[in-house]
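The model is shown below.

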Amino acid sequence: MAITVKSMATSGVDGFMVEIEASTIRGQQQSLSIIGLPDQTIKEAGERIQAAIESCGYDFPKDKSIISLAPGDKKKRGSHFDLGMIIALLFQTDQISPKNLSDYAFIGELALDGRIRPCTGVLSMVTEARKCGVKAVIVPYENRQEAESVSGIKVCPVQTLQDTVRFLDGRLDLSKQQAGDDRAGENACDKGMPIGAADGYSKPDENGKSLNSDMDFADVKGQDELIEAIVLGASGGHNILMLGEPGCGKTMIAQRMPTILPRMTEKESLEVTKIHSISGLLDAGTGLLKMRPFRAPHHNVSLNALIGGGSYAQPGEVSLAHNGVLFLDELAEFSRSTLDALRQPMEDKRVTISRVNGTNSYPANFMFVAAMNPCPCGYYPSKKCRCTDYEILHYRGKISGPILERIDIQKSVAHVDYFELNEKKGGYSSAELRERVEKTRKIQQERFKNDKEVSCNAQMTTTMIQKYCKLDAESTQVLKDASEKYGYSARVIHKLLRMARTSADLDGSENIRREDIIRVLNCRDLDVSSSQMYAIT
């Protein structure tokens with residue numbers, strides 16, 4: 001009779017249950033076969049299982065053993081099936097007799113000496129296990145905080161195969177070995193509180209991983225007008241493009257953007273942690289990510305790395321930046337095809353990747369922030385610039401029109417003088433700016449409380465724009481004059497209306513005013529600059 005043990009697998013950011021069935025065929029040559037559409041990693045598990053069994057003092061079956069991963073029509077990958085397979089095999093050969101085996105799901109990779117190594121995607125798998133009615137899940141000790149982020153299911157962290165067997169037999173109390181540890185079950189997620197650091201955020205290092213930082217907007221001097229535009233963008237979730245000469249502070253400002261965004265809610269934190277977990281970017285011993293992600297890929301990034309791809313349709317930078325900021329520095333240096341691939345994720349807030357091994361859909365609700373020089377030499381419109389209008393327009397033409405239309409705020413960054421800045425005091429701190437942003441977001445959350453898919457003004461649908469962005473005759477005329485002058489499309493006008501709604505919310509105004517329309521039009525410096533140029537072809 002075959003023995004069945006529960007485990008979990010991942011598909012995209014979600015999990016699904018896998019039943020591990022083990023059986024032996026007596027009288028046939030000793031071997032171990034693993035079936036059920038396993039990948040190469042799972043096929044290699046047979047060698048790990050044999051070494052671990054002998055290292056821990058058990059006997060490897062003398063007959064032919066078959067392990068089946070059901071459902072058999074779904075591809076499975078990863079090394080986390082090791083623990084479930086070895087438990088099923090030992091139980092099938094009567095070497096262990098665990099109690100209530102059906103109550104548990106097993107996740108963990110085996111070392112050759114029987115240790116249980118951490119694995120990726122634990123949060124998604126534990127979440128699915130709870131949905132499937134599993135009472136308890138056995139996970140690697142290093143993944144305990146990640147697993148304990150999911151309430152409503154018992155988490156049993158183990159360090160070795162021997163610990164697992166003793167626990168299943170009732171001879172080991174796992175709560176004792178966890179004494180003194182910081183339990184993720186006591187974090188803000190379980191208390192139902194918003195999650196986030198007051199002054200920090202996750203900043204990527206050269207490998208794209210997130211690091212803690214104490215950056216603050218108080219360090220930024222001489223850019224008061226731009227900072228107001230940044231606050232407007234952060235308050236409504238609007239995309240931002242900054243144009244300015246080298247050294248004026250574009251990157252410095254972009255890196256501080258997450259410090260003024262609202263703190264993540266429990267739902268947002270779970271979504272972000274899931275994506276980073278399945279991507280292998282969540283360090284062992286880490287629980288829920290509390291700070292909004294900030295991703296800044298280099299301009300030579302490939303299309304698959306940015307959007308997602310690979311053999312198993314893994315998430316890309318647009319999904320790793322979900323609920324955070326995707327920053328593209330030197331925007332004009334990115335390949336046009338790579339940039340144009342952002343059009344659909346920026347609009348739909350989701351990306352679907354299809355590969356031979358499967359199709360996965362990932363969330364991609366990020367705030368797009370970009371920076372670029374205004375011309376090839378970088379110094380337009382100062383006297384140092386020697387570029388012709390044709391050269392400038394050609395340089396800006398590297399960014400396609402559809403991409404520019406999806407960027408709400410296109411603001412010039414003023415030149416700064418170092419010696420003048422030394423005499424100036426710092427501007428508003430990130431804490432002060434975040435207070436304004438969160439106050440504005442609360443107004444929007446109340447407005448959209450009946451629509452779970454919309455959380456800020458930038459996500460308003462056409463129907464919502466008609467309902468919440470009504471203009472008086474004077475404001476309509478100002479917007480119409482600007483549209484005729486710069487040739488705005490319907491998409492751009494809708495974005496201007498969304499921004500105007502955010503501008504009114506910042507001031508606590510119930511209706512959009514004429515000054516709100518003027519404020520958002522002043523955030524379109526690129527339109528004004530390009531319209532003043534003439535190029536002869």
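At what angle do helix 9 (residues 224–236) and helix 19 (residues 430–447) pack, and how far apart are their axes? The angle is about 35 degrees and the axes of helix 9 and helix 19 are 8 Å apart. The model is predicted: local features need pLDDT of at least 70, side-chain atom pairs count only at pLDDT 80 or more, and totals for chains, interfaces and linings use all residues. Residues are numbered from 1 along each chain as its sequence is written, and side-chain values use heavy atoms, with hydrogens and water left out.

**Helix packing**

Helices (H or I, at least four residues) and strands (E, at least two) are DSSP runs numbered from the N terminus. Axes are lines fitted to C-alpha atoms, for helices over the stretch in contact, and angles run from 0 to 180 degrees between N-to-C directions. Contact means heavy atoms within 4.5 Å.

| Helix pair | Angle | Axis distance |
|---|---|---|
| Helix 9 and helix 19 | about 35 degrees | 8 Å |
| Helix 3 (residues 82–92) and helix 6 (residues 161–168) | about 55 degrees | 12 Å |
| Helix 22 (residues 490–506) and helix 23 (residues 514–521) | roughly 120 degrees | within 8 Å |

The crossing of helix 9 and helix 19 is right-handed, a term for a near helix turned clockwise from the far one by less than a right angle. From helix 9, I227, E228, V231, A234, S235 and G236 meet L433, R436, V437, T440, R441 and Q444 of helix 19. By class, this contact of helix 9 with helix 19 has five nonpolar, four polar and three charged residues. Here Ala, Val, Leu, Ile, Met, Phe, Trp, Tyr, Cys and Pro count as nonpolar, Asp, Glu, Lys and Arg as charged, and the others, Gly among them, as polar.

Helix 3 and helix 6 pack at about 55 degrees, and helix 3 is therefore oblique to helix 6. Angles under 35 degrees count as roughly parallel, over 145 as roughly antiparallel, 65 to 115 as roughly perpendicular and the rest as oblique. Helix 3 also crosses helix 6 in a right-handed sense. L83, I86, I87 and L90 of helix 3 make the contact with L161, T164, V165 and L168 of helix 6. These residues divide into seven nonpolar, one polar and no charged.

The axes of helix 22 and helix 23 cross at roughly 120 degrees, so helix 22 is oblique to helix 23. This crossing of helix 22 with helix 23 is right-handed. L496, M499, A500, S503, A504 and L506 of helix 22 contact D516, I517, R519, V520 and L521 of helix 23. By class, the contact has eight nonpolar, one polar and two charged residues.

**A loop residue**

N365 lies in the loop between strand 18 (358–363) and strand 19 (367–372). Leaving aside residues up to four places away in sequence, N365 touches A321, H322, N323, G324, K349 and Q459. N365 and E347 are 18 residues apart in sequence and 9.2 Å apart in space, C-alpha to C-alpha.

**Backbone geometry**

Most residues other than glycine have a negative phi, and most peptide bonds are trans. The A70 to P71 peptide bond is cis, with omega near 5 degrees, and P71 lies in the loop between strand 4 (64–70) and helix 3. Y380 and P381 are likewise joined by a cis peptide bond, with omega about 10 degrees; P381 is in the loop between strand 19 and helix 16 (389–396). D94 has a positive phi near 60 degrees and sits in the loop between helix 3 and strand 5 (104–106).
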